[in-house]
Structure formats: structure tokens, C-alpha cells
Amino acid sequence: MIRIKTNPEVELIRESALLVSSTLAELASMLKPGITTQMLDKRAEEFILDNKAVPSFKNYRGYPFATCISVNDAVVHGFPNNNTIKEGDLVSIDVGVYKNGFHGDSAYTFGIAPVAEEHQLLMQVTRTSLLLGVEKAVAGNRVGDISFAIQDYTERQHHYGVVRELVGHGLGKQLHEDPQVPNYGKKGTGPKLRENMVIAIEPMINMGTRDVIYDADGWTVRTKDGKFSAHYEHTICIKRGRVDILSSFEKIIQNENANQALYSGY
Ligand code: MF3
Ligand code: CO
């Protein structure tokens, strides 16, 4: 069942989504070679609690951390750990917060400079595919229009692998609500998009094969061929003739540009 939100509910989701964005911006300032992903997770959790919210992911179906931090061939759901970040790494950070009864969910892939040119392109294409999907998220379209836009650009135009096992989703009172929002599919198919539906769009794009494997921890998803993967995610609200992006990359990009340790395409 797809839950349509009231305008006041959308504003509460916006507050949660913007807190996710601020958390990611905070981490963007800290990222540099030598830092561990555990340190980033600790800071994120502290930042979220300081802002009178709780991390959505912690204890969600037994997930043990506030954030998912997926480095290089890790696609999503990576466990923060004691490994140090190094030059050339792609660090995908996924954050969810629960505040005032509503969730926000967003993710961003950071490149630790210098980043190989092929990985710069992977980041840019994945980020662009998110925006192409977001553009289709208007009332009257169908979920498949979003899915097709992402798959067409990444798979058919750039020959990357679109992960099939994990998808975007509705969200609100629950972190995962209907509908599912796959990053592959056909135009004009799937549930119709209606005003004030709130969904998370989150392309997970692999340099090589779309196939993935799971680590022994039961969570971390990796590319089967060991090539790198990127992941960007926005929480958005469907409107008539336009889309309202509830999360924001603005502060993240500002801090990414100000941080000499990070590659930034913007
Ligand atoms: N953004 C991801 C998702 O929507 C993060 C979920 S991590 C989990 O699936 F730990 F909460 F499962
Ligand atoms: Co999500």
C-alpha cells in the first residue's frame, strides 16, 4: 500500500532529510587518508543525536551501525570498521535519520584524491543518473519512467552494471514503504506517481558486472568482479509538473570542494 503524505508530513520528512544532508556534509569535512570508517560512523551518530534525532539504520533488522560506509568494491550496506581510508578510494556513505516520527534517507559517494579517471567518470555518471531519475518523479508518470531513465543512461549509454538486488523505496513513518523503485525497468510501467508520494531514489552503479556477492557479515554487498561501485540517493516528494527534492547535496558539495583531500567534479 502506497501512503500519500499530507503537506505537514512532507515538511517533517524534509526536516529529517535535511538533517541527513547536514550529517553527510559534516563527514565530507572529516574525510581524508588515515581516517577510519568507524570514526566517521561515531561522528555521524553523535551529530544525529545532538540534533534530537536517532539514526534510522541502527537496529533496523539487526543492522548494527548508524551509517553504511561502503568502500571501493563494496556497493552498499558496508560495516564501518577499523580500516583506514586511503588515496584513490571511493567512499559511499548512506545515512538515515528518524525525527518527529518520520525518516529521511540519503547517500553520497566521495572520492579520496587523487581519484583514477575511470572512477571519476563512474561518480559523475552515477550522480547524473540520480538526477535523470529524479526529473521523472512527477505526478502522472510511473515508477518505471524513473527506473528506465537511470538504466538507459548508465547501462545502455555508459555500459555500467545496474545492481538488481537492491532498489529505492517509499519512506515516511517507515524507512521502507511501498513502492519499490528499481534502477532498471520499462517506461510506462509500475505504480502511478501521485502528488505527495515520498520516495528515495538510489542508483547503485557498478564499473563492471552488475552481479554482487554478500560478505560473511550478512550485510556488506560487493561487486562480484571486484570493480568499484558508486551510490547516490535523494529523498524526494512527487508534485504536479515538478519534483521537490527533500534532501540536499548543496552543503555536501561545498564541504567537498573545501576539502583538499577530496576529489570533486563540481
Ligand atoms: N538507504 C539504504 C536502504 O534504503 C540503507 C538501508 S541500511 C539498513 O536500503 F541498515 F537500514 F538496512
Ligand atoms: Co534508501
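This is a predicted model: local features need pLDDT of at least 70, side-chain atom pairs count only at pLDDT 80 or more; totals for chains, interfaces and linings use all residues.
Trainee: What makes Asp105 a polar contact of ligand 1?

Mentor: A nitrogen atom of ligand 1 is 3.2 Å from an N or O atom in the side chain of Asp105. A polar contact is a pair of N or O atoms within 3.5 Å, so this pair qualifies.

Trainee: Which atoms of ligand 1 lie 3.2 Å from polar side-chain atoms of Glu202 and Glu233?

Mentor: For Glu202 the ligand atom is an oxygen, and for Glu233 the ligand atom is a nitrogen. As for cover by the protein, ligand 1 taken alone exposes 330 Å², of which the protein buries 94%.

Trainee: What makes a residue count among those that surround ligand 1?

Mentor: The cut-off is one heavy atom within 4 Å of the molecule. There are 13 such residues around ligand 1, and the closest are Tyr63, Asp94, His169, His176 and Glu233.

Trainee: How is the shell around ligand 1 divided into nonpolar, polar and charged residues?

Mentor: Six are nonpolar, three polar and four charged. Tyr counts as nonpolar and Asp and Glu as charged. The space taken by ligand 1 is, moreover, the largest pocket.

Trainee: Why are β6 and β13 said to stand at the edges?

Mentor: The sheet is open, with three strands in the order β6-β10-β13 and antiparallel pairing. β6 (161-162) and β13 (229-231) each have a single partner strand, so one side of each is left without a neighbour in the sheet.

Trainee: How do you know that β10 and β13 pair?

Mentor: Two strands pair if there are at least two bridges between them, and β10 (residues 204-206) and β13 have three, in the antiparallel sense; therefore they count as a pair. As one example, the bridge partner of Asn206 is Ser229 in β13.

Trainee: What joins β7 to β8?

Mentor: A hairpin joins them through six residues. Strands β7 (residues 168-170) and β8 (residues 177-181) run antiparallel and are joined by three bridges, and the cut-off for pairing is at least two. Within this pair, Gly170 stands opposite Glu177 in β8.

Trainee: Which kind of peptide bond joins Asp178 and Pro179, and what is its omega?

Mentor: The bond is cis, with omega about 0°, and Pro179 lies in strand β8. Another cis peptide bond joins Ala113 and Pro114, with omega about -5°; Pro114 is placed in the loop between β5 (102-112) and α3 (117-135).

How values were computed: Residues are numbered from 1 along each chain as its sequence is written. Chains are lettered from A and ligands numbered from 1 in the order in which they are written. Side-chain values use heavy atoms; hydrogens and water are left out. A polar contact is a pair of N or O atoms within 3.5 Å; within protein, one must be able to donate a hydrogen and the other to accept it, and residues adjacent in sequence count only if both atoms are side-chain atoms. Accessible areas come from the Shrake-Rupley method with a 1.4 Å probe; for residues, only the protein chains shown count as cover. On a 1 Å grid over the protein atoms alone, a cavity is a set of points where a 1.4 Å probe fits but cannot get out, and a pocket is an open set with protein on both sides within 12 Å along at least five of seven lines; lining residues have an atom within 4 Å of a point. A molecule sits in a cavity or pocket if more than half of its atoms lie within 2 Å of its grid points. Helices (H or I, at least four residues) and strands (E, at least two) are DSSP runs, numbered from the N terminus.
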